[in-house]
Amino acid sequence: MAGTPPLIDIRKLCVGFRGRAGAILPVLHEVDLTVCRGESIGIVGESGSGKSTLALAAMGYLKHGLQKISGDVIYDGAEMFGRSPADLARIRGGQLGLIPQNSGQALTPTMRIGTQIREALHLHCAMSEGEHATRARDLLAQVRLPDPEAILRRYPHELSGGQQQRVAIAMALAGEPDALLLDEPTTGLDVTTQAHILELLRELARVRNMAMVYVSHDLGVIARVCDRVQVLYAGETVLEGPTRAVLREPAHPYARGLLASIPRLGEQTLPRALDGRPPGPNGPREGCAFAPRCALATQDCRAATPPMIEGGADQMTRCLYPDRVDEITGDQAGNAPHGCAEGSPCALDLAEVSIRYDRPGLFDRLRGAPRPPATVDGIDLHLRQGETIGLVGESGSGKSTILKAIAGLLPPASGQITLGDGTALPAAVETRRPDQLRRIQMIFQNPDDSLNPRQSVGEILAQPLRLYFGLRDKALRDRAVALLDTVRLGAPYLERRPGQLSGGEKQRVAVARAFAAGPEIVLCDEITSALDVSVQAAVLDLLNDLKAAHKTAFVFVSHDLTVVRALSDRVAVLYQGRICEFGPAAAVYGAPSHPYTAVLLNAVLTPDPDHAPRLMAEDVLELSPPARGCPFQRRCPVKCGTICDTDAPPARETGDGHVIRCHIPLDELCAKQTGEPPKS
Amino acid sequence: MSTAPPAPRGPRSVEVLRAMIARPSGAIGLTLVGLHLLMAVLSPWIVPYDYKAMDATITLAGPSPAHWLGTDHLGRDVLTRMMLGGREALLVTGTATPVALIWGGLLGVYLGLKGGWRDEVAMRLVDAFLALPGILPLLVLITVFGSGGEVLMPTLAFFFGIPVIRVARAAAHEVVARDFVSAARARGHHPLDIVRRELLPNVTDTLLVEGAMRWSWMLLGFSALSFLGFGVSPPKPDWGLMISDARVYMSLAPLGVIAPVIALSTLIIGINLSADALAKTLGLDRSRKAVI
Ligand SMILES: Nc1ncnc2c1ncn2[C@@H]1O[C@H](COP(=O)(O)OP(=O)(O)OP(=O)(O)O)[C@@H](O)[C@H]1O
Ligand code: SF4
Ligand code: SF4
Ligand SMILES: [Mg+2]
C-alpha cells in the first residue's frame, strides 16, 4: 500500500480524564495508528489497556469524561476532532462504519430486522423507499444470510447470535463504508459462528477494499484476519508489526506472555498466566510500564520509558531487550492439569436425565397434543471424585440447563441424580437437605451478575459460611480471609464491593464463595468466557490448584474447546441437549470424532498465522431438537442417508470409555476426519 | 498479585446526600423541603398570632405591618395560618408514605420473587384499581369511615401503596433474573433471607425514588381532600382548607389563596426536585413526569 496516503492516521494521540485531585490521568499516551485502504490492523490488549478508546477516537468520538489532550486524528486527510457535527454525522456510519461489542444483541428487540436496516439506509444514502427494500435484501445477501426476504420480516430474538451479528454487519455496510472499526466482533459467539463471521469479514474487506480495524483481546481472532498487529499496554503501544512476526517471534515480553496465556487445542497443559495486573491510569509513569510483570526487567528498564526501537522482522517494540524475549518461555512451561486416579469413588451420577422447559397448558393436555422433544434428553454422566468433566457445545446445546438441573434450580422431567454415597438427590433445591446442598456448589458465567452489587466481599463470603457452618464474628472473618488467601486475593478485599473489583478479581471472589461451602462438586458455567485471555489463564490455574488441594470434582461447561481441553479429564460433546460423544479428553479431541465434534474442532481459531479453520456446517438457528433420529441430522456434513433422520444413532465404543453416537462406523469416521474436508 | 488499597468510602447514604446537593436540582429541592420541615416543627412557637383568634373588625384585610399577609374572612392572620397549615398534611402524609412504601414494596418484591398465579391475580387487581380515576375510591372510603387524620392516614397509606406494588414487583423481577439470586437459591437459603439480603438492598433505590414521588402525590391528594372538606376539620389551619375558604373572596383578598398555594407548591416542587436529584444520583432513569 506504499504511496497511497493512509485513510486513518492517528499521530501521537493522548487522551485522558480529569481525576478526583484535578490532575489529568492518561488513558492513551502518544499512540500512533495508520491504516490504509485494503489493510487490516488488529489492536490487542487486556481490558483497560485503552484499545476501545483508540478505536472510538478514530471516529472522532470519546466516551463521556474523556478528553483529547494532544495529537491528531486524521481521517481521509482531515482532522476528525475539528469537524462540524453535521460532517461527523455524515462520516460516522457512512464512510466509517462501527461494529460495537455485542452489536448483534444491541439490535432493537421490538423492531423487525427490515425496519431497522431501512432506518440505517435512510440515514446514509439518498434513495427512494422502493430502492431501500432492494438494497436491504442485497445487504443481507452480502453477509450471506440465507433467505433475506424471510429474515427482513423477523424480530432479532428469532435469529441466532451469529445471524444477529451478520445483521449488525449488514447495517454497518449500509453506508458503503471505506473503513470499518470492529470492537470485539466475535467475543461471546460460538467457535463455529465466530469462524464463519471472521471469514465473512475477511471476504468483505477484500471485495470492497475496506480498511479494517479489529479490536480484540483474542490473538486467535487477530491471527485470522489482520495484516498487522498493534499491542497496547497501559495506554501505550508496546509492539507493532506484521501479524506473522508478532505471533511467531514477538519482540516484546508482554506479547509473549499474552501468547502463552492462550490455551491450545494440541496441548493438555494449562495456559500460563501472566502474573500481576497492568498499572492503573494513576500509576507513576516512569520507566517501562510492564517492568513489574516482566521477567527481563533491569534497572535500566525502570529508569526511563523505553523508546520504540526496531525489534527485528519488521517489528517496532518498546522494549530495551527485544533479542532476549525468547529466553523467557523456555523454563516456564504451563502447569499440567491435575487428573484423578482411575477408579476413584463416584461423586455424582446422572442417569437418563431429561429436562423440559415447556409446560403444556390444560387445553393441550386435554387434547393430547404431542409435546415437543425434551430440551435435554438421555444424559448419563458418572463423575468421579476429584475428576473434571467438560461439557462442550454451541450456545443453546443445553449445557447450562444440565448444570441447573444438578444444582436443583430446574427439576428434571425424568431421570435420577445420585450423590456419591448412593443417596438419591431430591430434584428441587427446596427439598434438598442442607448437607446435600453444601456438597454441590455452582459458579456462574458472568461475575457482574453473580455477585450482589450491594454486598461487600466479606458479606458475600459470609452467606455460605453462616448458612452451612453457622460461623459468626471472628471465626467468620478468619475463614473469609483464609478463603480470600486461597484465591490469591487477601484481607484488604473484605470491605470492597464488586463494583470496585476487576473482572478477574470478581470471578475469584465467586470461586471463593463456592469453595466456602467445602463442596465435593463444583459446577462451572462458562466461568472464563467474560474474561480476558490472561485473566482466564489465571482463573484456570487457580481452579486447578483448588482441585488438587480439595479433591473437588468439577463439571466444567464452556463453548470454548481449548479451555475445556486444558482442564478436563473427560469431555462430553453436546448437541441439542443430547450427548454426541463422550470420553477421555485425549480421545475426544483425537480421531475418530463424531461429525459434530469434528466441525467444532475444525472451527477452532489458534494464534497461528498458518492455521486456517475448516468450515463446514453453516450456522443455522435450530429452535428445537428433531423428534427422531440423530440430533445433528440437519447440519451434519457427512450425513449418511435417511437412516439418520429416522433411527437414533448407535453408541460406538473405541475402548477406554470413549463413545461416539453416529451411524457411520468408526474406521470410516476416522478416514473422513483425517482425509479431505468434505464439501461445505 | 498487586493489591491496590481498598478505596475508603463513607456510609452510602452520606455519599448519596452529598452527591444530591452537588446537583442544582438537589440543592434547591432539599433546601425547600428542609425549610418546610423546619417551619412545620417550629411554627407553634414563632407564629405571630393565635391561629383561632378572630377579629371581626379587620376581615379580609390587605397586607399591613401587623398582618403581613392580611387576614381572612373571619379576621384571622393569614401568615399564621399559612405557617401552621402544613403541619397536619406533613404529619399524615409523612407517616402514610413510609407505610405505603413498606407494605406495597414488600408485597411487590414477594410477588416478583414468587411469580406464578398469585402474581398474575395480584397484578390484575392492581391494574384494575389503577384504572379507576384517582380520588374516587378515596372519597368513597372517607364517606364511609368519616374524615380526620386517624382515618386519612391508613386510607392514604393503603391507596398509595397499590402503585408501589407494581414498581417494586418490576424492580424485583429484574433482580430475580440475576445470577446472584440463582446462586442464593442454589445454596438453599430461606426465601425470606433471599428477599432480605439479595432483593431488598437492590430495590431500595427504586423504592426511595418512588417514595419521594408518592409523597408529593399524596400531599396533593391530602390537600385536595381538605379542599373538598373531607380532610382537616376547621378551625385547624390547613392549606387545602384555606384555599377552599378564601377562594370565594379571591377578588377582595387574593393573598388568602395565593399564600397557601405558594406554600403547597414550593413543598411539592421541593420534593419533586429532590426525587429527581435522587434518581439521577442513584443512576435510575426516571421517565415519569413531575406532578403538577
Ligand atoms: N427459560 C427458558 N425457557 C424456555 N427455553 C429455554 C429457557 N432457557 C433455555 N431454554 C432453551 O433451552 C435450550 C438449552 O439452553 P441452555 O441455556 O442450557 O444452553 P447453553 O448450552 O448453556 O447455551 P449458552 O452457551 O448460550 O449458554 C436452548 O434451546 C434454549 O433456547
Ligand atoms: S523494557 Fe525491560 S521491563 Fe520493559 S518489557 Fe522490555 S525488558 Fe521488560
Ligand atoms: S448419525 Fe448421521 S446425521 Fe448423525 S452425525 Fe452420524 S452421519 Fe451425521
Ligand atoms: Mg449457558
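Across the interface of domain 1 of chain B and domain 2 of chain B, two residue pairs are in polar contact, both at pLDDT 80 or more. A polar contact is a pair of N or O atoms within 3.5 Å; within protein, one must be able to donate a hydrogen and the other to accept it, and residues adjacent in sequence count only if both atoms are side-chain atoms. On the side of domain 1 of chain B that touches domain 2 of chain B, the elements giving two or more residues are α10 (239-246) and α11 (255-282) of chain B. The largest share of that side, nine residues, is supplied by α11(B). By class, the residues on this side of domain 1 of chain B comprise 14 nonpolar, three polar and nine charged; here Ala, Val, Leu, Ile, Met, Phe, Trp, Tyr, Cys and Pro count as nonpolar, Asp, Glu, Lys and Arg as charged, and the others, Gly among them, as polar.

The structure is a predicted model, in which local features need pLDDT of at least 70 and side-chain atom pairs count only at pLDDT 80 or more, while totals for chains, interfaces and linings use all residues. Residues are numbered from 1 along each chain as its sequence is written, chains are lettered from A and ligands numbered from 1 in the order in which they are written, and side-chain values use heavy atoms, with hydrogens and water left out.

Chain B contains eleven helices and zero strands, where helices (H or I, at least four residues) and strands (E, at least two) are DSSP runs numbered from the N terminus. Its C-alpha atoms fill a box of roughly 80 × 50 × 30 Å along the principal axes. Chain B is divided into domain 1 (10-85 + 238-292) and domain 2 (92-236), with bounds that come from an automatic or database domain assignment. The contact between them takes 26 residues from domain 1 of chain B and 21 residues from domain 2 of chain B, contact meaning heavy atoms within 4.5 Å. Taken over C-alpha atoms, the centres of the two domains are separated by 26 Å. Together the domains bury about 2100 Å², 73% of it on carbon and sulfur atoms; buried area is the accessible area (1.4 Å probe) that two parts lose on being put together, summed over both. Between these domains the count of salt bridges is zero, a salt bridge being a side-chain nitrogen of Lys or Arg within 4 Å of a carboxyl oxygen of Asp or Glu.

The area buried between chain B and chain A is about 2500 Å², and carbon and sulfur atoms give 50% of it. Two salt bridges are counted between these chains. D205(B) forms a salt bridge with R454(A), with the closest N and O atoms 2.8 Å apart. Twelve residue pairs, both residues at pLDDT 80 or more, are in polar contact across the interface of chain B and chain A. On the side of chain B that touches chain A, α8 (179-187) and α9 (191-227) of chain B each supply at least two residues. The most, seven residues, comes from α8(B).

Two ligands are considered next. The residues around ligand 1 include Y357(A), G398(A) and K399(A), a residue being near a molecule if one of its heavy atoms lies within 4 Å of it. A polar side-chain atom of Y357(A) lies 3.3 Å from a nitrogen atom of ligand 1. A polar side-chain atom of K399(A) lies 2.8 Å from an oxygen atom of ligand 1. Ligand 2 is surrounded by 13 residues, the closest being C288(A), C294(A), C301(A), C319(A) and L320(A).
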